[in-house]
Amino acid sequence: MDEIDRAILRELQTDGRIAYADLGPKVGLSASAARQRLQRLLDTKTVQVVGVTDPMSMGGQAMALLGIAVDGDPRAVADELARREEVVYAVLTSGGFDLFAEVVAPGPRELLDFVNDVVRPVEGVRQMQSFPYFGIHTHRFLWDVG
C-alpha cells in the first residue's frame, strides 16, 4: 500500500460514496486510475467496503463502552454478550480488561438496566466499568491509514 492508496482510503472515510470523477483528482489520479486502484485494494482484500449504521440515528439515545474483567475464558462472555441486540460489538483485549463491549439503549435508564440486569449476571464477569456517552448524534469510525 503506497501513499496514493492511503489517500484514497482517507477520502473514502470522509465520503464512502464519492464518485470516481471526484475521487481521482483529490488523490492525483484520473477517475479510471482511482477506480483501478480501489478495485485492486478490494480484490486483494486489503480493503473491505461495508455499511456502518449509526445506532443513535436508529433510536438509541444512550451508549456506553463497557470494560469487562472476566474470571475464566473471556470468549464465552464475549459470545454471550454478542448475542444481545443491544451490543454493537464485543472485542477481546489484553491489559486491564479482558474484553470491551459497546452497547446502545433507548435511554439512560434502559442502559443502566441492561448493565445491571444483563451484563453483571453473566457467568464469569468479575468486574465491569462503564464509559457512557449520552445524546451524541454522530458516530464516526475513522482509522489512521498512515
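**Exercise 1. Determine which residues have the most contacts inside the largest nonpolar core, and which elements supply this core.**

Solution. A nonpolar core is a set of buried Ala, Val, Leu, Ile, Met, Phe, Trp, Tyr and Cys residues joined through side-chain atoms within 4.5 Å. Buried means under 20% relative accessible area, exposed over 50%, and partly exposed in between (1.4 Å probe, protein chains only). The largest such core has 21 residues, and Leu66, Ile68, Leu81 and Leu99 have the most contacts inside it. At least two residues of this core come from each of strand 1 (62-70), helix 4 (74-82), strand 3 (99-105), helix 5 (108-119) and strand 4 (125-134). Helices (H or I, at least four residues) and strands (E, at least two) are DSSP runs, numbered from the N terminus. A second, separate core of nine residues includes Ala7, Ile18, Leu29 and Ala34.

The model is predicted: local features need pLDDT of at least 70 and side-chain atom pairs pLDDT 80 or more, while totals for chains, interfaces and linings use all residues. Residues are numbered from 1 along each chain as its sequence is written, and side-chain values use heavy atoms, without hydrogens and water.

**Exercise 2. Identify contacts of Leu99, leaving aside its neighbours within four places in sequence.**

Solution. Contact means heavy atoms within 4.5 Å. The partners of Leu99 include Leu66, Ile68, Pro74, Leu81 and Val91.

**Exercise 3. Locate Ala82 and state whether it is buried, partly exposed or exposed.**

Solution. Ala82 lies in helix 4. Its relative accessible area is 47%, so Ala82 is partly exposed. Ala101 is 19 residues from Ala82 in sequence, and their C-alpha atoms are 8.3 Å apart.
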